[in-house]
Amino acid sequence: MNQYVLFIIGAFVISMLCGFVSIPLIINFCKKRKLYDQPNARKIHSNGIPRLGGICFLPSMILAFLIAMVAFNGTTGGNEITVSIWSVFFFISLLLIYAVGLIDDIVSLGPKTKFAAQIVAATLLPASGLYINNLYGFMGVYELPFYVGAPLTVLTIVFIDNAINLIDGIDGLAGGLSFIALAGFLNCFAREGIWTYCILITGLMGVLIAFLYFNIVGGKNNSMKIFMGDSGSLTLGFILGFLLVKFSMDNPNVMPFRRDGLMLSYTLVAIPILDVFRVILVRLRHRKPLFGADKNHIHHKLMRAGLTQRQALVVILAMALAYIAVNRLLFGIMYFSSVVVLDIALWLVFHAAINHFIRRNGQKVFFTDSNND
């Protein structure tokens, strides 16, 4: 175990250095090419901000992973880098998502085009044999046949991918929530002794630290501020979806059965999931397009209630950590289904409280305009 910890830390440091070196270059490139995320009625910022920060996520992660694994094999004389059908299909699907996000950041793609690409990418995973095959008693359901688990896997990955993309509305939010989720998955895979995934995860966490510095701090007068763009948010969302499926799948050849596998995985991305579910219901209620854009996400509502961007960020990240702590505690004394129901109830109570403060500030609780990105 100790030898792996050294290379896990190494992957983190290499990736973080890649981020601190590459992001300033990306910022200068965006400024020369005038590749800015322009403000509009839905967005928070008031000036054009470079939007290609996410293009360094995947290269930094892969480079850090390969260097750490090659160094490990060279040190131990082992052969820990194995290429399975899962690995090949995951890499192909991840490249597809990354390419779609990058193209959208540069020339802008329609939401339906991105959605179609997400479905294709997500379908490759169950095609390789990786799918949710057990609900661990959720709603009384346990083992799932492939014809049920495969479409559920595609739906889950696409949903999480869009959830991270849609919650990317204020500085540090998508990156911060993803970092917390990745740290949770790191703990999960480390607990099972699946060290190659730990190295892969820390290879992404390192570059996220560098991105969050530029995204939140932004340098003097925000001169070095950057957004991750769809190339970043879609990549993060897809990887989190993959990790959820990977850790949730009951496969005795990979790790022993764990009754809390799905619960832990869901909990790590609970905030984006609950937020998007609520936004979808709001759009259906007001008969607005599901692929539209509005200002009804949790961060928008907290700011209408009177919080600043930074305060809203702190509140949401604290909620994510609270859900993890509470769910982990409750799962020992409650069924998985009951934990999810309680999560939803707490989410609704929290929004009821926000709505009270919004009305007290004389603002609308819901924004029903739907201007597309």
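In what follows, Ala, Val, Leu, Ile, Met, Phe, Trp, Tyr, Cys and Pro count as nonpolar, Asp, Glu, Lys and Arg as charged, and the others, Gly among them, as polar. What you see above is a predicted model, in which local features need pLDDT of at least 70 and side-chain atom pairs count only at pLDDT 80 or more, while totals for chains, interfaces and linings use all residues. Residues are numbered from 1 along each chain as its sequence is written, and side-chain values use heavy atoms, with hydrogens and water left out.

Let me start with helix H9, residues 261–268, where eight of the eight residues are buried (under 20% relative accessible area, with a 1.4 Å probe and protein chains only), so this helix is largely enclosed by the rest of the structure. The helices here are DSSP runs of H or I with at least four residues, numbered from the N terminus.

How do H6 and H9 pack? Their angle is about 160 degrees, with the axes, lines fitted to C-alpha atoms over the stretch in contact, 9 Å apart. That makes H6 roughly antiparallel to H9, a label for angles over 145 degrees. In this contact (heavy atoms within 4.5 Å), Ala181, Gly184, Phe185, Cys188 and Arg191 of H6 meet Leu264, Ser265 and Leu268 of H9, and these residues divide into five nonpolar, two polar and one charged.

Finally, the largest cavity is lined by Tyr136, Phe247, Met249, Asp250, Asn251, Met255, Pro256, Phe257 and Arg258, a cavity being a set of points on a 1 Å grid where a 1.4 Å probe fits but cannot get out, and lining residues having an atom within 4 Å of a point. By class, that lining has six nonpolar, one polar and two charged residues.

Notes
Buried < 20%, exposed > 50% of the residue type's maximum accessible area, 1.4 Å probe, protein only. Helix = DSSP H or I, 4+ residues; strand = E, 2+ residues; numbered from the N terminus. Axes fitted to C-alpha atoms, helices over the stretch in contact; angles between N-to-C directions. Parallel < 35°, antiparallel > 145°, perpendicular 65-115°, else oblique. 1 Å grid on protein atoms, 1.4 Å probe; cavity = no way out; pocket = protein on both sides within 12 Å on 5 of 7 lines; lining within 4 Å.
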